[in-house]
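Here is my note on the model. Please read it with the structure open, and check each point as you go.

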Amino acid sequence: MAKYLVTGGAGFLGSNVVDALLAAGEKVVVYDDLSTGSKKNVFDWNPKDVKVVEGDVRDGKSLAKVAKGCDYLLHFAAITGVARSVEDPETTLSVNVDGTINALHAAREAKIKRVIVASSAAVYGESPVLPKEETMLPTPYSPYGASMLMGEDVARVFYTTYRLETVCLRFFNLYGPRQDITSEHSGVVARFIHALLTGKTPMVYGDGKQSRDFTYVSDAVDAIRLACTAPKAEGEVFNIGSGNRITVSGLLNIIGSLLEREIIPSYADPRPADIRHSLAETTKAQEVLGFRPRVNIQLGLVKTLAWCRRSLGKNVKLPPPRPSSAMRDATD
Ligand SMILES: NC(=O)c1ccc[n+]([C@@H]2O[C@H](COP(=O)([O-])OP(=O)(O)OC[C@H]3O[C@@H](n4cnc5c(N)ncnc54)[C@H](O)[C@@H]3O)[C@@H](O)[C@H]2O)c1
């Protein structure tokens, strides 16, 4: 049994990781300021197995105190999303860069075995080359992408200079249970599902032909757990994605067919700093970490829809069924 410090453990990715650690019998300390994370996410955990500390990663002293006695540090606390970083680059940079530096200092002081740092496909920016390989020169296109790349750089330097084992994982468009479906700033899967289940019109920014590599959260959790112990992973950066891409319009079509509803979105201008296409090359993660994505987009969306329906409860208000599915709905 090992002890894990999970910063951002009350958030979407962090809370899914904590669930997996608890299921494996590990001890966990969560450090989170609950700014976008939710008390609901931590509600079911037994305080005997998880200690939840409310704190800001910009407070290095408090983080260092919490890190004492931990074996691994998983760093997920961040201001996420391109749009939010365009609105407020200062906060994004200070939380994501200073927070990562503080996490690395705390880990070094506490003699932590390995630090996993969440990074993002946003580091690749607008280069048209697909798929994205780790050897490509990162050219971030948004303050968010820049903050993730700076975090990676500092993590690598802590490895080369102080031999603190760090592994950076560049996640590609995560989706799944516990993603905040009510937030404007959430991922497109969460925004579409929330709009559709609450009777609103989903909004597509741009022409809908932009594409993404949508990655189900349990695949990301698998990658994180593998990265904690994989030999020869220290000091490295890995893409974590499904290895497939679909357009945003294609995503809406799949959700529409799963809901058996005809979906007519509204369109708005593309958002500033949004990239056009994204796709992960995951050979390095497969070879070094043993990573294998297991959940395809259809299955991932079925699971996500089921979770969203449960969490919205009585607030689910679906639009009228497609004419072809009206008979089936009538007999449901
Ligand atoms: N969701 C995605 O599609 C995606 C894609 C690529 C990378 N990532 C990265 O994965 C990590 C987790 O993202 P997520 O999607 O779970 O986001 P999230 O917003 O659900 O989780 C972030 C957590 O960090 C906490 N937090 C924010 N600022 C903090 C601060 N100053 N001090 C302490 N805690 C703070 C929030 O309360 C939240 O619980 C982030 O580093 C993000 O950049 C996410």
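1. Start with lysine 303. With 17 C-beta neighbours inside 10 Å, lysine 303 counts as partly exposed. The scale works on C-beta atoms placed from the backbone: a residue is buried if 20 or more others lie within 10 Å of its own, exposed if 12 or fewer, and partly exposed in between. Lysine 303 is found in helix α11, residues 297-312. Helices here are DSSP runs of H or I with at least four residues, strands are E runs of at least two, and both are numbered from the N terminus.

2. Now look at what lysine 303 touches. Setting aside neighbours within four places in sequence, its contacts are Gly176 and Pro177. Contact means that the two C-beta atoms, placed from the backbone, lie within 7 Å. Lysine 303 and proline 177 are 126 residues apart in sequence, yet 7.6 Å apart in space, C-alpha to C-alpha.

3. A word on the basis. This is a predicted model; local features need pLDDT of at least 70, side-chain atom pairs count only at pLDDT 80 or more, and totals for chains, interfaces and linings use all residues. Residues are numbered from 1 along each chain as its sequence is written.

4. Next, the ligand. Of the 28 residues around the ligand, Gly8, Gly11, Leu13, Gly37 and Ala78 come nearest. A residue counts as near if its C-beta atom, placed from the backbone, lies within 6 Å of the molecule or strand. The shell has 13 nonpolar, eleven polar and four charged residues. Nonpolar covers Ala, Val, Leu, Ile, Met, Phe, Trp, Tyr, Cys and Pro; charged covers Asp, Glu, Lys and Arg; the others, Gly among them, are polar. Helix α1, helix α5 (89-109) and strand β5 (114-120) each supply at least two shell residues. The largest share, three residues, comes from α1.

5. Is α8 mostly covered or mostly open? It is mostly covered: ten of its 13 residues are buried. Among them are Val217, Ala220, Ile224 and Arg225.

6. Helix α3 (residues 60-67) has Leu63, Val66 and Ala67 buried. They lie on the same side of α3, because they cover an arc of only 100° around the axis. The arc is that of the directions from the helix axis to the C-beta atoms. Their cover includes β1 (3-7), β2 (27-32), β3 (50-54), β4 (72-75) and α5. Just after α3, glycine 69 takes a positive phi of about 85°.

7. Check the backbone in the loops too. Leucine 34 has a positive phi of about 60° although it is not a glycine. Its place is the loop between β2 and α2 (39-42). Glutamate 260, also not a glycine, has a positive phi of about 55°. Glutamate 260 sits in the loop between α9 (248-259) and β13 (266-268).

8. Last, a cis peptide bond joins leucine 130 and proline 131, with omega about -10°. Proline 131 lies in the loop between β5 and α6 (143-162).
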